[in-house]
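We will visit a pair of helices, then a pair of domains.

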Amino acid sequence: MRAVQIAQLDGPGSVRVVDVDEPDGTDQVLIDVYAAGVAFPDALLTRGLYQYKPDLPFTPGAEIAGVVRNAPAGSGLSPGDRVAGLTMLSGGMAQVVALAPDQVFRLPEAVSFEAGAGLLFNDLTVHCALRTRGRLAQGETVLVHGAAGGIGTSALRLAPAFGAGRTIAVVSTEEKVAVAQAAGADDVVLADGFKDAVKELTGGRGVDVVVDPVGGDRFTDSLRSLAPGGRLLVIGFTGGDIPTVKVNRLLLNNVDVVGVGWGGWTFAHPGYVREQWAELEPLFAAGAVSAPRPDVYPLDRAAEAIAALENRTARGKVVIALR
């Protein structure tokens, strides 16, 4: 089979597509992969900068969508089933993968393989952020940084379904405004001067929740943009720098800074991902939440796909087509 491979840690440019042996899938669900999602950790992995450091060479990719080839008895899955799946760390960018049954989820017919490959990693992270860690309440206003990226567009799609009354998207360039609008943003502002724009949009009150996968120099102004009792959800640092917080700011305005480490939460709470999917899958099946509209790259352009996350040119979720 063909697979994406990282053999040296020189960045996305060193990514290659190679021929490797298929997994045997003993006691696992063997899946013919049609599409694989690309996420920011994949870019970090190409430079050895992620906390998980697999031995070289390795295949990146945390999420896939495809068709079951074989499944163990009692798994509840059968050959021909359309599924999405999580490798959780790496191995997804290959034409065949073998996963434990509890990492495989039925994909609604209304969701394409390309959309399905871009659904789990971001949408489960955002579900954890807004529902579990962020305590989003009915009618609250959500500010979304990196709103043209994978996490950002996911937050814009899901927040209204979870009760948000208004979403405000923050994008870095005018060219990304349309991406945020297509994902459902009620308002879109540019990162440069977003604090003042948010103050004006909210009549000086501020927002209840900030979804922040960017970090960097936006962090302090995000805190200043919170209404009393607001929560700033720290999801990642695509901006590069890990910010610090002066805790007196939290005390003065009664606001929270909340860490959202979805992977760590799932490891500490067995069965949590199944609970998440039990809530999300009916929303997709009924069309109550739209599936992602990914930017799809052919397999031979996998290096470009991963580079788009590193250089922040990605618009929405990035997916690689394997078949």
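Contact here means heavy atoms within 4.5 Å. Helices (H or I, at least four residues) are DSSP runs, numbered from the N terminus. This is a predicted model, where local features need pLDDT of at least 70, side-chain atom pairs count only at pLDDT 80 or more, and totals for chains, interfaces and linings use all residues. Residues are numbered from 1 along each chain as its sequence is written, and side-chain values use heavy atoms, with hydrogens and water left out.

**Stop 1: two helices**

Select Asn-122, Asp-123, Thr-125 and Val-126 in α3. They meet Gly-150, Ile-151, Ser-154, Ala-155, Arg-157 and Leu-158 of α4. By class, this contact of α3 with α4 has four nonpolar, four polar and two charged residues. (Ala, Val, Leu, Ile, Met, Phe, Trp, Tyr, Cys and Pro count as nonpolar; Asp, Glu, Lys and Arg as charged; the others, Gly among them, as polar.)

Now show α3 (residues 120–133) and α4 (residues 150–158) whole. They pack at an angle of about 60°, and their axes are 9 Å apart. Axes are lines fitted to C-alpha atoms, for helices over the stretch in contact, and angles run from 0 to 180 degrees between N-to-C directions.

**Stop 2: two domains**

Colour domain 1 (2–118 + 292–321) and domain 2 (122–263). These bounds come from an automatic or database domain assignment. Their centres, taken over C-alpha atoms, lie 28 Å apart.

How many residues of domain 1 are in contact with domain 2? Twelve, and they touch 17 residues of domain 2.

Finally, select Arg-312, Arg-315 and Gly-316. They supply 45% of the area that domain 1 buries against domain 2, more than any other three residues. Buried area is the accessible area (1.4 Å probe) that two parts lose on being put together, summed over both.
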